[in-house]
Protein chains: 2
Amino acid sequence: MEKIIIVGGVAGGMSAATRLRRLKEEAEIIIFEKGPYVSFANCGLPYYVSGEISERDKLLVQTPEALYDRFRLDVRPEHEVLSINPEEKTVTAAHHGKQITESYDKLILSPGAKAFIPPVEGLDEAENVYTLRNVPDLDKIMNRIDQVDPKEAVVVGAGFIGIEMAENLKHRGIDVTIIEKAPHVLPPLDEEMAVFVQNELKEKGVKVITSQSAVAFKEKGRIIVLEDGKEFKTDLTIMSVGVKPESSLAEHAGIELGLRGGILVDDTYQTSVKDIYAVGDAIVVKNQISQEDALISLASPANRQGRQVADNIAGISRANKGSIGTAIVRAFDMTAASTGLNERQLRQAGKDVASVHTLSKDHAGYYPGATDITLKVIFDPVSGTLYGAQGVGVKGVDKRIDVIATAIKGGLTVFDLPELEFTYAPPFGSAKDPVNMAGYAALNIIEGLSDSIQWHELNRELKKGAVLLDVRTESELESGRFPNALNIPLNDLRDRMDELDKEQEYIISCRSGQRSYIGERLLKQSGFKVKNLDGAYALYQAVRPEELEYV
Amino acid sequence: MEKIIIVGGVAGGMSAATRLRRLKEEAEIIIFEKGPYVSFANCGLPYYVSGEISERDKLLVQTPEALYDRFRLDVRPEHEVLSINPEEKTVTAAHHGKQITESYDKLILSPGAKAFIPPVEGLDEAENVYTLRNVPDLDKIMNRIDQVDPKEAVVVGAGFIGIEMAENLKHRGIDVTIIEKAPHVLPPLDEEMAVFVQNELKEKGVKVITSQSAVAFKEKGRIIVLEDGKEFKTDLTIMSVGVKPESSLAEHAGIELGLRGGILVDDTYQTSVKDIYAVGDAIVVKNQISQEDALISLASPANRQGRQVADNIAGISRANKGSIGTAIVRAFDMTAASTGLNERQLRQAGKDVASVHTLSKDHAGYYPGATDITLKVIFDPVSGTLYGAQGVGVKGVDKRIDVIATAIKGGLTVFDLPELEFTYAPPFGSAKDPVNMAGYAALNIIEGLSDSIQWHELNRELKKGAVLLDVRTESELESGRFPNALNIPLNDLRDRMDELDKEQEYIISCRSGQRSYIGERLLKQSGFKVKNLDGAYALYQAVRPEELEYV
């Protein structure tokens with residue numbers, strides 16, 4: 001009887017196990033899981049902290065008993081695999097002090113990623129510092145909360161999990177400070193998009209400190225010291241600065257590792273050692289956009305990989321085509337999501353990139369409850385190849401990013417975005433969806449109808465002598481304005497064109513970028529030199545409010 | 001100075017006008033609109049009936065004055081174009097009894113579609129029968145409501161607008177009966193999907209009569225008579241049985257017409273007559289999936305076409321690639337959406353089609369507030385080409401149909417659906433999204449891992465001697481069951497396999513189709529002949545509740 005051993009009973013590992021059973025009724029399938037639980041809801045853990053998910057059992061999606069009853073899986077929790085012997089094709093696991101050795105015909109490694117813990121002075125003595133990767137981690141945090149009733153908490157690292165933890169701790173009534181080493185929260189997003197989340201966190205009372213990291217813990221962790229010497233009291237500290245592949249078991253078995261210690265696999269998920277496969281957060285994948293190696297710790301690819309490795313083992317050929325990385329986070333009333341590569345990554349890779357920022361409503365503006373979506377689409381300025389997209393807003397951000405993720409996976413370009421036909425009725429969308437609008441804006445750039453500059457280029461252009469022309473109405477200026485901008489409301493522009501100079505470079509702006517584009521077209525056709533401030537005042541105000549004037 | 005005349009000031013016409021201005025600052029652009037308003041929110045009209053959209057002004061998205069101020073458009077409402085003289089390149093319009101003739105260099109027709117009014121006896125004398133295509137139509141309906149305070153209303157035609165009207169009239173406290181000639185509401189959807197909306201309408205107190213049409217009005221419309229002779233009292237009747245292209249103007253100008261009187265255009269939107277273009281609901285388009293001629297009355301394609309014709313006139317080449325038709329409707333707490341072709345259309349066209357129905361949650365089941373989505377994906381059983389999809393549910397249906405619409409536009413197949421990487425955090429989705437799951441289900445069919453039958457094939461299979469095997473738990477059976485089904489809960493199936501006969505054909509079912517598929521795999525690998533009832537009990541119960549047993 002064929003014997004398949006799987007190391008790791010969450011996401012990739014369990015997807016592989018159940019799919020294998022559906023393909024190989026006769027195989028013996030053993031799953032070794034280091035922790036006490038399998039198939040738990042990792043992505044749900046933060047929501048238990050606030051009580052939004054109120055029953056702990058809800059997090060335990062499957063049990064070994066249920067998996068045996070339905071799939072005849074031999075699920076062994078609290079079994080830590082200590083070593084693999086590829087020559088003898090055995091694995092040895094420890095369980096409550098005993099060692100168990102099992103042979104395998106095929107071995108699938110799905111060990112996941114573990115929290116990266118930076119070497120911070122005093123961390124070993126700290127009694128209130130936690131990470132959150134699994135249910136026992138969560139239990140420890142909840143115990144701490146029950147025992148000390150924390151008033152102040154610090155979250156180190158403002159990635160997706162850090163932000164979810166900040167929100168959920170705050171919902172419990174705890175004062176939360178979030179500390180991020182990068183210049184802005186949510187490093188996977190570009191600064192001007194992440195700032196919407198940063199502003200929301202602050203508005204909801206979370207203290208946000210960026211460009212700083214924790215350098216020391218004092219008083220058993222009750223004091224946290226930042227690079228700049230500032231100290232904070234904390235009753236509870238969550239470290240969420242990132243993850244790294246759990247690949248030491250693989251390494252000791254002689255399996256080849258790659259990027260940052262990730263397990264190398266071929267496109268059928270075979271490692272460098274015969275009959276050993278690997279899937280999930282621990283493996284190196286190809287980023288489908290850059291075609292470069294990447295580590296992508298997300299549930300969706302892990303589940304797919306688990307299923308695909310099962311297929312390959314069962315003789316149904318499946319190639320790992322790679323991942324693009326699509327993610328989302330809710331921060332109080334704001335949602336931020338991204339897919340593909342961000343502008344920073346692309347520029348670092350030396351790519352020539354263009355981007356557009358559009359501000360649209362999630363559904364028809366004439367129907368009640370419409371809210372703003374700021375959408376950024378990043379693309380090749382010549383071919384229009386889609387590199388990535390980011391969105392922020394209250395509602396409907398998930399839908400737009402999912403659509404663009406689908407477009408990227410399908411090899412579509414920005415030329416295709418206006419062609420997409422979406423469900424439209426007033427409660428759901430608009431006749432011209434935000435994704436269509438972003439496509440039109442990108443086309444205008446590629447086809448030379450519009451020249452735009454980005455928010456971070458404004459000051460440079462102004463220093464070089466450009467004049468900023470704000471085409472908002474006078475009443476709009478009352479809520480804030482660019483210093484030293486010329487103001488001619490768009491509807492007056494034709495009549496007041498003689499106030500402008502054809503030798504002068506102008507940067508045109510409005511609130512969202514739509515009126516300024518109309519103004520740009522008007523001025524360009526009239527012989528003026530003008531560029532559109534992409535994202536316009538609304539984006540600038542989000543990212544650089546301190547540079548603006550308020551009456 | 002170039003002079004462009006546009007006939008029709010909504011959607012396609014106005015998109016063309018504003019885009020033309022951005023490309024041709026010097027052109028004279030005149031828009032003749034038959035009605036009193038331009039750029040009004042047609043899709044919002046039903047929501048004003050209930051007061052959900054409470055201000056009538058919200059429906060008037062643009063005014064001629066605003067369009068002049070911003071775009072120097074010469075917008076002329078209440079100007080009905082009576083004739084076109086293609087030789088002299090003039091159009092003649094009537095305005096308050098006067099005739100005005102204007103010359104053109106280019107003429108764009110965007111006349112839209114008008115309500116189709118079937119020839120019903122007594123309709124001419126009826127005083128309470130209305131259609132709803134524009135604001136004056138709405139005003140008439142609102143006047144009627146104000147004057148007679150209707151107790152009972154009838155909506156004839158259960159398409160998208162009919163259902164919206166039924167909902168909004170009901171929200172006003174009016175008793176509503178909806179009459180549909182087809183065997184089910186929402187004829188653009190397949191029966192088993194539309195039935196969810198039908199059930200919701202009934203549950204919310206709307207009377208639904210199908211397979212019937214109105215054959216006569218009596219007593220000035222106060223009585224409506226159906227084919228079967230039944231009579232209904234009605235204080236207010238809405239006719240919404242469909243639309244037809246408003247193409248008589250084009251026809252009289254000698255422009256070639258096609259399918260059901262639609263205006264024929266080439267892929268640059270030129271009609272058969274030089275310098276006359278047409279866009280919007282009035283034109284014949286290519287259905288991108290079938291490559292056949294189609295009439296598609298939707299706002300999204302109309303807006304795109306308007307922009308594209310402007311580009312073509314301005315020398316930026318754009319081809320009309322056709323449309324796939326994506327639509328959505330809210331019916332009380334239920335949403336139904338579709339994209340592409342439905343199974344009925346495909347079968348009528350002689351296509352070999354397969355389909356899968358999946359039942360999934362809109363977001364992670366362990367996070368509060370998850371609701372069911374029933375998704376149907378229709379595809380070529382050999383190549384996996386996506387033909388269409390339909391979804392029903394409380395939340396998140398728009399997102400899934402938009403994603404599949406994007407996949408169809410991108411030429412993806414069902415093999416690509418599992419590869420799609422969506423935004424996943426518990427409030428937004430699942431690690432395996434409903435779209436991924438539908439892809440997996442389709443792959444299982446194509447690759448022969450699963451054989452399925454559809455709900456409408458069940459009785460035929462049972463008559464041929466198949467035995468229905470229900471693998472739900474005993475407690476689930478209490479809420480309803482198939483008559484004469486064998487019941488072995490899935491988890492007992494391995495142990496009780498000796499109760500089954502290897503010579504016997506089995507149809508296996510559970511609630512959603514997921515456990516039955518697991519059972520199917522188990523039985524198939526053990527040598528049994530078994531097919532999965534696609535959609536399983538939940539779908540069957542929605543569409544054929546009367547065939548089931550309730551204890």
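Analyst: Copies are superposed by least squares on the C-alpha atoms of residues with pLDDT of at least 70 in both. On that basis, a rotation of 180° with 0.0 Å of shift along its axis places chain B on chain A, at RMSD 0.0 Å. The two copies are thus related as by a two-fold rotation axis. This is a predicted model: local features need pLDDT of at least 70, side-chain atom pairs need 80 or more, and totals for chains, interfaces and linings use all residues. Residues are numbered from 1 along each chain as its sequence is written, chains are lettered from A in the order written, and side-chain values use heavy atoms, without hydrogens or water.

Now the cavity. On a 1 Å grid over the protein atoms alone, a cavity is a set of points where a 1.4 Å probe fits but cannot get out; lining residues have an atom within 4 Å of a point. Points join across faces, edges and corners, and a volume is the space filled by probe spheres set on them. Six cavities reach 30 Å³ or more.

β23 (354-361) of chain B gives the most, three residues. α15 (536-543) of chain B supplies at least two. Helices (H or I, at least four residues) and strands (E, at least two) are DSSP runs, numbered from the N terminus.

Domain 3 (337-446) and domain 4 (452-547) of chain B each provide at least three lining residues. Domain bounds come from an automatic or database assignment.

Terms used. 1 Å grid on protein atoms, 1.4 Å probe; cavity = no way out; pocket = protein on both sides within 12 Å on 5 of 7 lines; lining within 4 Å.
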